[in-house]
Structure formats: structure tokens, C-alpha cells
Amino acid sequence: MNQYVFENIADQAPDRFTVLEECYDPVSRAQLMRTGVGPGWRCLEVGGGGGSMGAWLADAVGSTGQVVVTDVEPGRMHDLRHRENVQVWRHDITHDPLPEGEFDLVHARLVLLHLPQHEDVLPRLVRALRPGGYLLLEDFDCGHVPVLAAPGQSEAALFERVHEALMDQLRAAGADPLWGRKLFAALTAGGLDGVSATTYAEAWRGGETGVRLHHANTEQLRARLHARHVTEEDLQAFWALLQDRRFAVASYPLISARGRLPVGRPEARS
């Protein structure tokens with residue numbers, strides 16, 4: 001089992017999923033449309049989370065297509081189970097079996113950066129593709145989250161200190177907060193053709209949807225942050241800052257990297 005620090009069954013997970021869907025689903029849909037996904041395609045959605053992207057893919061492929069949606073904890077995807085063209089699997093991508101040569105499209109958003117085994121998982125995703133199939137990976141580059149505005153320097157410093165303590169917890173669990181900036185090279189090394197990448201970021205102002213992600217993440221890891229010398233007083237001030245309209249921070253840049261398995265060369269390069 002991977003060491004993912006944000007358990008999907010936790011009380012904060014619904015808010016995390018809501019923020020990610022509202023802020024990043026339009027970006028992911030636009031990237032998926034660039035692959036040409038349509039009726040009859042067979043797709044794999046890895047780490048389905050709240051199920052929104054699996055539902056969109058199911059509509060895109062129609063009754064002649066098929067979507068497999070996986071997650072280590074698929075309990076939030078009840079609605080998907082009622083769709084005839086969707087299969088929902090309880091599945092750990094780090095070690096559970098995965099069909100090879102089956103899918104026209106494999107998509108994973110904000111999955112691999114959390115996995116210590118991401119360099120082993122990526123070839124498995126490539127092998128799951130049919131010749132000519134697309135792999136689309138989307139991950140954050142958490143190394144570029146500048147404070148854009150704050151009531152004062154002390155508030156900006158507080159955000160940076162708490163955020164860095166959060167990143168320390170991810171790194172301690174084996175995550176790579178900078179994985180997004182490495183996707184282009186990883187897909188190229190994986191033997192895919194036509195690799196491209198785009199980056200999406202915006203300003204998140206205090207009180208708006210995006211900053212709720214920082215609240216959800218720090219609230220769930222509250223005890224771990226205390227152990228990193230982030231006091232309860234610090235957290236209360238941090239959460240108050242997230243509601244202050246004078247505060248703004250750059251969103252996590254979402255890097256979307258896409259490549260295609262060459263026809264006639266179904267195996268990835270080792």
C-alpha cells in the first residue's frame with residue numbers, strides 16, 4: 001500500500017475533492033479533449049477520487065465505449081457504479097494487477113506525485129496502453145506557490161512556514177512535491193511520442209474556493225504539523241488568513257503532460 005497522507009475516507013476529503021473539481025476539472029477536460037477521446041474509446045482513470053472525471057469520460061465515450069475508474073478507496077463514486085459503461089475498481093496502482101495493451105487513453109491526476117514508487121508506476125501505465133493510445137498525467141509543481149498579496153510581511157511569512165511544514169510531511173511520506181515539473185522528461189523517457197506539456201495556474205484570493213484546499217490539507221494533518229513545531233495558534237492564524245480578502249496566493253501549478261504510444265512499438269523503453 002502506498003503512503004498517501006491524505007486519506008480519501010477522512011472528514012476533510014469531500015472538501016478537498018470539491019476544491020480540486022471546481023478549480024481543475026475544466027483544465028483536465030480541455031486536456032483530455034486534445035487527445036480526441038470520443039465514442040467507442042476504452043479509458044482508464046487512475047485515482048478517481050470523487051468520480052467527476054470518470055463521469056465526464058463516460059459521457060465522452062458513450063454506450064459503445066468503456067471507462068475503468070480505480071481508487072484505493074472508491075467509496076465516493078457510488079453514482080458511477082450505476083453507469084453501464086463504467087467499472088469501478090478498488091485498486092492500488094503500485095502493486096495490483098493492471099491489464100496490458102487495453103486502453104486508448106490512460107489519465108491520472110494528482111496521483112503519481114504522492115507515490116514513492118512513481119518511477120515504477122509510470123511504465124505500468126504505459127504498458128496498459130494500446131498502440132496509438134494516449135497517456136495524460138497531471139500533477140502539481142508545489143515548488144512555486146508564491147504569496148501574491150498579504151496584510152503584512154508576518155502573515156506572508158506565516159503562510160510560507162506552514163506550507164513548508166506541510167510539504168515536509170509529503171516528502172516524509174515519500175511524495176515528490178516537484179514531480180509535476182518532471183513529467184515531460186518522464187514521458188519522453190517512457191518511450192512515448194509527441195510528448196507535450198502545459199501549465200495552468202491562477203491567483204487564489206482569501207475566502208475563495210481555491211484556498212480551501214490549503215485549509216483542508218492542513219486541518220487533516222493537524223497533529224503531524226504540531227509535531228513539526230506548527231502550533232495550534234499558528235494554524236488558527238493560518239486559517240484566518242485564508243479567509244482574509246487582502247490575502248492572495250498563486251494556485252498550485254497543474255502541469256499536464258501528454259504522450260502517445262507509438263503504433264507498432266507497444267512496449268515502453270526500459
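Analyst: One term to begin with: a residue is called buried when its relative accessible area is under 20%. Keep in mind, too, that this is a predicted model.

User: Okay, so is F238 buried or exposed?
Analyst: F238 is buried, because its relative accessibility is 1%, under the 20% cut-off.

User: And which ring does F238 stack with?
Analyst: F238 stacks with F159: the ring centres are 5.5 Å apart and the planes meet at 20°. F159 sits in helix α4 and F238 in helix α8, so this pair ties together parts that are 79 residues apart in sequence. F159 is buried as well, with a relative accessible area of 1%.

User: How many aromatic pairs are there in the whole structure?
Analyst: A search finds 8. One of them is W41 with Y134, a stacked pair with 6.5 Å from centre to centre and 10° between the planes. W41 belongs to the loop between α1 and β1, while Y134 is in strand β5, so the pair links parts 93 residues apart in sequence. Y134 is buried, at 15% relative accessible area.

User: Which residues form an aromatic cluster?
Analyst: Y24, F140, Y200, W204 and Y252 form one.

User: Switching topic: how many residues does the largest nonpolar core have?
Analyst: That core has 61 residues. Those with the most contacts inside it are V106, L112, L125, L135, L137, F140 and Y252. Helix α4, residues 153-172, gives the most to this core, with 7 residues. Apart from it lies another core, of 18 residues, among them L32, A55, L57 and V86.

User: Why would greasy residues gather like that?
Analyst: In soluble globular proteins, nonpolar side chains tend to be buried together.

User: What does L135 touch?
Analyst: Leaving out neighbours within four places in sequence, L135 is in contact with several residues, including V106, L125, L187 and A257.

User: Now the strands. What order do they take in the open sheet?
Analyst: The 7 strands run β3-β2-β1-β4-β5-β10-β7, and the pairing is mixed. β3 and β7 stand at the edges with a single partner strand each, so one side of each has no neighbour in the sheet. From one strand to the next, the twist averages 15°.

User: How do β2 and β3 pair?
Analyst: They pair in the parallel sense, over 5 bridges. V68 stands opposite Q87 in β3.

User: Which helix lies across β1, β4 and β5?
Analyst: That is α3, residues 118-127, which runs at about 145° to β5.

User: What about H107? Where is that one?
Analyst: H107 lies in strand β4. It is buried, with a relative accessible area of 0%.

User: Which residues of helix α2 are buried?
Analyst: In α2, residues 52-61, the buried ones include M53, G54, A55, L57, A58 and V61. Just after α2, G62 takes a positive phi of about 70°.

User: Which residue other than glycine has a positive phi of about 60°?
Analyst: L110 has that value, although it is not a glycine. L110 is in the loop between β4 and α3, and it counts as buried at 13% relative accessibility. H229 is another residue other than glycine with a positive phi, near 70°.

User: Is H229 buried or exposed?
Analyst: H229 is exposed, with a relative accessible area of 67%. You can find H229 in the loop between α7 and α8.

User: Last one: where is T231?
Analyst: T231 is in the loop between α7 and α8, and at 39% relative accessibility it counts as partly exposed. A polar atom of the T231 side chain lies 3.0 Å from the backbone nitrogen of D234. T231 and V162 are 69 residues apart in sequence, yet their C-alpha atoms are 9.7 Å apart in space.

Notes:
Residues numbered from 1 in each chain as written. Predicted model: local features only at pLDDT ≥ 70, side-chain atom pairs only at ≥ 80, totals over all residues. Heavy atoms only, no water. Helix = DSSP H or I, 4+ residues; strand = E, 2+ residues; numbered from the N terminus. Buried < 20%, exposed > 50% of the residue type's maximum accessible area, 1.4 Å probe, protein only. Polar contact = N/O pair within 3.5 Å; in protein donor to acceptor, adjacent residues only side chain to side chain. Core = buried A, V, L, I, M, F, W, Y, C linked by side-chain atoms within 4.5 Å. Contact = heavy atoms within 4.5 Å. Phe/Tyr/Trp six-rings, centres within 6.5 Å; stacked < 30°, edge-to-face > 60°. Pairing = 2+ DSSP bridges. Axes fitted to C-alpha atoms, helices over the stretch in contact; angles between N-to-C directions.
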